[in-house]
Amino acid sequence: MKEDKPDPASPGYLRCRAEELLNRKKIRDVQKMTEQDVRAMAYELQVHQIELEMQNEELKRSQRELEESRNKYLELYEFSPVGYFTLDKQGAILDVNLPGAAILGIERGALAGRRFQLFVEMDCRPDFNAFCNRVFELDSKQTCELRLLKNDAAPCHAYLEGVALCDGEGNAKQCQAAVVDITAKKRAEEEESRLKEQLFHAQNLASVGKLAGGVAHNFNNLLMVVLGYASLLLSELKEGDPHREYARKIIRSSQLAAGLTQDLLAFGRKKPINLQPVDVNKIIKDSEGILAKLLRENIGLRTTFTGKDCFVMADSDEILHVLMNLATNARDAMPNGGELKICTDVVRMDDAFIKAHGFGEIGEYVLVSFSDTGVGMSGEVKSRIFEPFFTTKEVGKGTGLGLASVYGNVKQHGGYMDVHSVPGKGTTFNIYLPLITQGISAAKAETVTTPKMGMETVLLAEDEDDVRGIMKIALERNGYKVIEAVDGVDAVDKFVKNKDKINLLFFDVVMPRKSGKEAYDAIQKIKSDIKVCFMTGYNDDVVREMDIVNEGLDYVLKPVSPARLLEKVREALDKWEG
Ligand SMILES: Nc1ncnc2c1ncn2[C@@H]1O[C@H](COP(=O)(O)OP(=O)(O)OP(=O)(O)O)[C@@H](O)[C@H]1O
Ligand SMILES: [Mg+2]
């Protein structure tokens, strides 16, 4: 029969063991002890007992402290913001705290014994193996950054710090790795570098725009002279004169050059624009016919309009220019056919939008999206499309000014644009124009065709001799009398001398000594109802700065062809006559 072994946890166990040991020892026979011996022994026993009780107390206290410190350690271990993994030499997980398991998105119980490598993205595994080797071979802390595969498939960037845990003989047996989820930090860094790049790109475009705008502005004046004289020449040459063809060629080339100049001015945000409250939905509806003509038969055009009001302050000619450019590009991107979708919507740019897109200002915007199902573009092409003269089209097919002018145009309207494109999948351009809710007037009155001839006297102030010369000729040939002034001060002097004769002031805005507006203000003090029309080749901001638009004053944009000049002069003279 098997003898029952006493349970070590039972209260009498220690006593039994002690008696057993006592019996085995050769102890003195108590019967033979003197009374004095017994007393001395009893005293010894009492002292021992007290000593034992004190030791017991001390032991209990240490046990309590140990317990508390263990709890504290566990709390720190389990609730630390850092994941802790204990790995063996093969990378198997021996222990992991709760945050560590959370980083991998897996329950702790399911991790024991699994290899950490399995949670490392394939292309980062060599880095992780090298990290482990360093930890076990070198006697110092090692670090590395990895991308981890999370259970929920969300990408996770992690920072690892590892040290070796050694056995009693100093041999590295385990790796203790602290793992920090740095995904948010990485995203913020990526976002910051994206925003920096966007800012750099925008600044770059702005400075190239300034240069292009400046060149185009000067070029504009020269073109005006070429165009004007060529037109005069043509009108003076008799039918059948072979030189007429030369003049026509000069006019055609100058007109093409003027088109390019206009694009460059638009890119440089220096194209004078005439802002009016306009309904974007209406502009697109009205242009559908023109846009459909631009596209080939194998390209479908689909429009979707929001039911909300889409009023913006814009120059409808410029908006049409934008639409036509984008449609032309979409057509060229769909050589085998496809679909172009134009949608409108009203969206709000808030902080979240601005943060996500890296552009914008808080407010409501009309959004026009242009999506094609064409060839799309690579990241490299996408990053350069707004640069002037950037084109992927063959020589002679594209100037690369289309999107540059669209970009400048949108910016000049206080708007924003961005592009999304996937090679082979198509492209979407989004244009955001600030929505207006006030000052939405009814459709503008129809323009009346005005006769061009006249007999009135025009005070013509323009500092460029050639430009002034050609304008004078054009006016005089149509019956007008012209008094010339070379700048603002000269204009005021000439007016004082001829004030009863002069019917109209035709002033350039930017002139030396006195601007056109300053000269007009001075003259108005002499004759308050004097009629005026300004001429500007400069940015609309300058015009507005000078209160010309605000005061409802008339102006015409350079280059002014002789026909346009005559039309404008007639219109200005007739304007206030009831
Ligand atoms: N919808 C689109 N799909 C694919 N690529 C596009 C699209 N729109 C523009 N691109 C790319 O951007 C480049 C620049 O366009 P942009 O309109 O400025 O010039 P272009 O069309 O080449 O010439 P231009 O408009 O002056 O005749 C194009 O050459 C093309 O590579
Ligand atoms: Mg184009």
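**Close-up views of a predicted chain and its ligand**

**View 1. Helices α8 and α11 at ligand 1.** Two helices, α8 (316-333) and α11 (402-412), each give at least two residues to the shell around ligand 1. Helices here are DSSP runs (H or I, at least four residues), strands are E runs of at least two, and both are numbered from the N terminus. With 4 residues, α8 makes the largest contribution to that shell. In total, 23 residues surround ligand 1, and the closest are Ala333, Thr391, Gly398, Gly402 and Leu403. To be counted as near a molecule, a residue needs its C-beta atom, placed from the backbone, within 6 Å of it. Sorted by type, the shell has 10 nonpolar, 11 polar and 2 charged residues. Ala, Val, Leu, Ile, Met, Phe, Trp, Tyr, Cys and Pro count as nonpolar, Asp, Glu, Lys and Arg as charged, and the others, Gly among them, as polar.

A word on reading these views: this is a predicted model, where local features need pLDDT of at least 70 and side-chain atom pairs pLDDT 80 or more, while totals for chains, interfaces and linings use all residues. Residues are numbered from 1 along each chain as its sequence is written, with chains lettered from A and ligands numbered from 1 in the order in which they are written.

**View 2. Phe389 and its backbone angle.** Look in the loop between α10 (379-382) and α11 for Phe389. Its phi is positive, about 70°, even though Phe389 is not a glycine. Phe389 counts as partly exposed because 13 other C-beta atoms lie within 10 Å; the cut-offs are 20 or more for buried, 12 or fewer for exposed, and partly exposed in between, with C-beta atoms placed from the backbone.

**View 3. Ala572 in helix α16.** Now move to α16 (residues 562-575), the helix that holds Ala572. With 23 other C-beta atoms within 10 Å, Ala572 is buried. Leaving aside residues up to four places away in sequence, Ala572 touches Leu504, Lys531, Cys533 and Asp554; contact means C-beta atoms, placed from the backbone, within 7 Å. Lys141 is 431 residues away along the chain from Ala572, and their C-alpha atoms are 84 Å apart.

**View 4. Domains 1 and 5.** Domain 1 covers 13-78 and domain 5 covers 457-575 in the domain assignment, whose bounds come from an automatic or database source. Taken over C-alpha atoms, their centres are 117 Å apart. The C-alpha atoms of the protein chain fill a box of roughly 160 × 60 × 45 Å along the principal axes.

Terms used:
Contact = placed C-beta atoms within 7 Å.
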